[in-house]
Amino acid sequence: MLGVYDFKAVQDKWGVKLSSYHIDNEKITNKKYILEMLPYPSGKLHMGHVRNYTIGDVIARYYSMNGFGVIHPMGWDAFGLPAENAAIQSGEHPATWTYANIQEMKAELQSLGYMYDWDREVCTCSLDYYSQEQKIFLDLYKHDLIYRKESYVNWDPVEQTVLANEQVIDGRGWRSGAVIEKKMLEQWFIRITKYAEELLDGLKDLAGYWPENVIKMQENWIGKSEGAVVHFDHNIDVFTTRPDTLFGASFIALSPDHFLSQKLASENDDIKRFIENYKIGTMTTESIEKAEKLGVFTGIYVTNPVNEEQKLPVYIANFVIIDYGTGAVFGCPAHDERDFEFATKYNLPIRSVIESPEELPYIGDGVHINSGFLNGLRITEAKKCMIEHLKMIGKGTAKVTYKLRDWLVSRQRYWGCPIPFVHCSTCGIVPENKLPVALPTDNSVSFNSGKNPLEAHSTWKYTKCPVCEMPAVRETDTLDTFFESSWYFLRYIDNNCATPINKRVSDAVMPVDLYIGGIEHAVLHLLYARFFTLALRDMGYISFSHPFKNLLTQGMVCHKSYKNKKTGEWLYPEEAASLPPDDVSEESFEKMSKSKKNIVNPKKIMKSHGVDAIRLFIISDSPPEKDFAWNTDALDGALKFLKRMWKMFDTIISIDPNKSGSSNLIKTTHIYVRKISRCIEKSMLNKVVAYARELFNEIEKEANLESYDSIKFAFTSFVKMMFPITPFIASEIMSFWGEENFQWPEVDEKLAAIETVVIAVQVNGKLRATFETDLDTDESKLIAEAMELLGITSSSIQKTIAVKNKIVSFVQK
């Protein structure tokens, strides 16, 4: 008899072995590069980390068991403002705080049994890493992809630094939540717009491999627009995607930053006040779209180039931004919601030029009316015709523009990679010729002055010009931390290489086969990483164009949250339990966060339930890409299942090896090996758990009827397939039979053969997906499978039709 399942003893026995893994670059064959986004070392793992890394570990272990050369590294995105804020609060140096957190988080990751190749570990705040990054920065500069200019920027008043456009969400800083202000500063930019078309075109290669919503978000962010530049009086050029609506124009609107606006502001106090008020606002497209449309009349009129009798009033408006197009627009209120709002407010003419079956503004397709030589043409043909006409009369030309702006990468903070440039009064701004430029670590670094610590440092910034060797000043801004995370996956491949990237090995093992991380990085990190890969290719560092072949965006881990009805304060679950029920309101499931006191500590769960239970639970209830609702009962159920495994193990080792019986489980096992293998390869990990439980139930049910060889084969195959999910208990069980480095069970295709059919899934009459299933699968199972595949719930469905072996059709409400 084995006795009670003691998960702590099992973990202590196998912990070191399970968290030790390495594969030499020269021995990699049939490679699989599995990668989870590297964490910021905040000090403690949270359940979002655990879910992300467990998903990756299950898949990495599966491929390793199948003989693939698996690259599965881990590192630390270690620069950033939180470390600097901690230094302000505690007086502890950011490096001390960061490395202590790394040590703690690394120990937690190892305790979870993840098979990371720690020999490949990188830490972006280490001099070894950012010295290589400075080489890349200078190469980008040599290739005309880095420049410096004075520009209005997004200023976060809480973090006291500049943010890129992508880091401003609904007018607020992505991390601080502060309302963003406009500020004119000299800043460093990366010319990402040079790659706008290739970034857009490259998304076609990712279709079917990346989630559709991520591809769509990047398409929208790049924002390709095809249209024309129209020339008006007073040197006003207007970019428009709808030149066909010029006959319906009723006004011109300029950005407050347009050269003509600035000139007029110096002559007119009303215009000056309007522009000053505009500068208080934000620069984001989202905030501008949501704001009331306001303007000030300049007193100027311009001639409509397609109707010389029409004079258009020129306004300066708060909804026109200088960074898109030309910083000027013409308004056609009948066919644009924004222009309609503005024209209505200022009593401007509204003239329909598209036959409109609906109320104005009408923005659909149709035939032109009131449009002179365009009458009778549909929009697409009318655009072409208008552009040709403008070219003929010398009043315009075809033009392609992008919403994508160059990447602002300089930050006014200490804890980041120093930008390797020098300011010389004679030679100007010149690149450093001696790398690395290391951060100062002495006691002169001050984090409480309210200034950039590098700017305020007593000695660090003073140096000699690399050109004339006269006294000069170092650049005191540091790089945006997204710069570090845009190429770290290449440094993992050879973290000891004397150059930033080992080209030979990188070309052999890239791209990453599966990249796992949160949807919040769809535009920020993922777009920058794609750009970096293209730029590095063109600079000769690598020979490929895509960093990540497959992308899995895992959902958030959510938990119930509670509020004190009297005070409005968030409550920890134990606090809520101690109060009278009438004083507590139970809120909906929300993302775990410190502010809402609904965080579950992984260490606490590991202590109460064990590592295998938390790993099993975290992937069992929801598809990886969906949000995961924390459920204590389900967590208890995971531990109970492990105890059933242990009990079955105890039963089997007590059976007489000569026991005879049927061998039905052998065929059943082969069927499930094939099913589970396919699900892991498709990252359908919750179905892996479901199928594994089904097989186990069959083993329990048939144990008394099967021969010893049959039951042992079925059970050991089951345990091997559980190893990627629950490696501790699986290792302990298999070691009894002398197997410690076991492989994935092989499938006998003849025994596993079952007839399958492909089911079509329709929504409102349109084909949305297909899936393969066993012949004659019950209709209820077909419906459940289809709903899970589409990520929909019964509450959104008005009617469901399921035809066995053929189709599932939903009519949505």
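## Starting with a helix

Helices here are DSSP runs of H or I with at least four residues, strands are runs of E with at least two, and both are numbered from the N terminus. One of these helices, α4 (residues 94-111), holds Thr98. This is a predicted model, where local features need pLDDT of at least 70, side-chain atom pairs count only at pLDDT 80 or more, and totals for chains, interfaces and linings use all residues. Residues are numbered from 1 along each chain as its sequence is written, and side-chain values use heavy atoms, with hydrogens and water left out.

Is Thr98 buried or exposed? Thr98 counts as buried because its relative accessibility is 0% (buried means under 20% relative accessible area, exposed over 50%, partly exposed in between, with a 1.4 Å probe and protein chains only). Leaving aside residues up to four places away in sequence, Thr98 touches Pro41, Ala78, Ala83, Cys125 and Trp415 (contact means heavy atoms within 4.5 Å).

## A sheet of 3 strands

Now for an open sheet: its 3 strands come in the order β9-β8-β14, with antiparallel pairing. Two strands pair if DSSP finds at least two bridges between them. At the edges sit β9 (236-240) and β14 (396-402), each pairing on one side only.

Strand β8 (residues 224-232) runs antiparallel to β9, and 5 bridges join the two. Take Ala228: its bridge partner in β9 is Thr240. In general, strands of a sheet pair through backbone hydrogen bonds, either parallel or antiparallel.
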